[in-house]
Amino acid sequence: MKTKRDAAYPVVGITANIDEDKLDVQNIYSSYVNAIYHARLIPFTLPVPDITLRDSYADLAEGMVSRLSGLLLTGGDDVNATLYGEENFPFNGAFTEERDLFEMALCRAAVAQKKPVLGICRGIQLLNMSMGGTLFQDITKQNPGKALLMHAQKSPSYSAVHDAIVEPGSQVARILKTAPGGKVGVNSFHHQAVKDTAPGFVVSARASDGIIEAIEPKGRDAHPFTIGIQWHPERMWRHHEHAANLFAAFAEACGS
Ligand code: MN
């Protein structure tokens, strides 16, 4: 049985970032950490084991996730396109095999164990391809002739630069508590995006140019909270209520 203290502060795993130019360092942005703390959750960073342990990734991920109340898949570099069955084009960015494979193992373990998953930016992409979907390696290059919105903003990260049009009646609409009309202003720091939604998942928000900005599972019973968000709510929650609502809903799903 859960003690009162456990119930008050569930532990959430946060995936570590590896930068292409500093392969011997793993890091975590404070904005994720503080969004989790402020949501009354305890963040544990999940460091990536080196690639020689790849045969143990599934077991390690299973063991980690079984000790957690939820999983936060963070932003970062691009994903190796061969992992979703495509060749890498020159416009795909840097990726690290160990982070890609280990996060896929964590994501699949969390879904298998029915633990809440929140995927942010790279995290929505990782969630989608882990579940069998595909990505745009570069939204501009792979949508020629299409007038795309500003998805790589230069303004401060808490500021919204485009709308996410939220699917009425979706789980994400409920979570964000969107007003009638279903739009939220979001920030944008990505050049990749979900292309084909994974089987069992549906689009819950798009930008007006059609770029997918959020996904959720089709059947909520199968995966109680498995949400991918293309924007960065961890940089917005102090200024935008919909971003605070998202972390509150994640915390509730984790048992806070
Ligand atoms: Mn965007």
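In this predicted model, strand 11 and strand 12 form a hairpin in which five residues lie between the two strands, and G210, located in the turn, has a positive phi of about 100 degrees. Strand 11, comprising residues 201–206, runs antiparallel to strand 12 and is joined to it by five bridges; within this pairing, A205 stands opposite A214 of strand 12. Strand 12 also runs antiparallel to strand 13 (residues 226–229), to which two bridges join it, and here I215 has G228 of strand 13 as its bridge partner. Strand 12 itself, spanning residues 212–217, is mostly covered, with six of its six residues buried.

The manganese ion has as its protein donors H151 through ND1, H162 through NE2, S188 through OG, H190 through NE2 and E213 through OE, and these lie 2.2 to 2.3 Å from the ion. Along the chain, the donors follow the spacing H-x10-H-x25-S-x1-H-x22-E. Because H162 lies in strand 8 (residues 162–166) whereas S188 lies in the loop between strand 9 (183–186) and strand 10 (193–194), this pair ties together parts that are 26 residues apart in sequence. Both H162 and S188 are buried.

A further serine, S159, is found in the loop between strand 7 (135–136) and strand 8. With a relative accessible area of 18%, S159 is classed as buried because this value falls under the 20% limit. The side chain of S159 reaches the backbone oxygen of P156 at a distance of 2.5 Å. When residues up to four places away in sequence are not counted, S159 touches Q153, V186, N187, M236 and H240.

Positive phi values in residues other than glycine were computed for R40, near 65 degrees, and for K177, near 55 degrees. R40 lies in the loop between helix 2 (30–38) and strand 4 (42–46), while K177 lies in the loop between helix 6 (171–176) and strand 9. As regards solvent accessibility, R40 has a relative accessible area of 42% and is therefore partly exposed, whereas K177, with a relative accessible area of 61%, is exposed.

How values were computed
Residues are numbered from 1 along each chain as its sequence is written. This is a predicted model: local features need pLDDT of at least 70, side-chain atom pairs count only at pLDDT 80 or more; totals for chains, interfaces and linings use all residues. Side-chain values use heavy atoms; hydrogens and water are left out. Donors are N, O and S atoms within 2.8 Å of the metal (3.2 Å for Na, K and Ca); water is not among the atoms, so sites may look incomplete. Helices (H or I, at least four residues) and strands (E, at least two) are DSSP runs, numbered from the N terminus. Buried means under 20% relative accessible area, exposed over 50%, partly exposed in between (1.4 Å probe, protein chains only). A polar contact is a pair of N or O atoms within 3.5 Å; within protein, one must be able to donate a hydrogen and the other to accept it, and residues adjacent in sequence count only if both atoms are side-chain atoms. Contact means heavy atoms within 4.5 Å. Two strands pair if DSSP finds at least two bridges between them.
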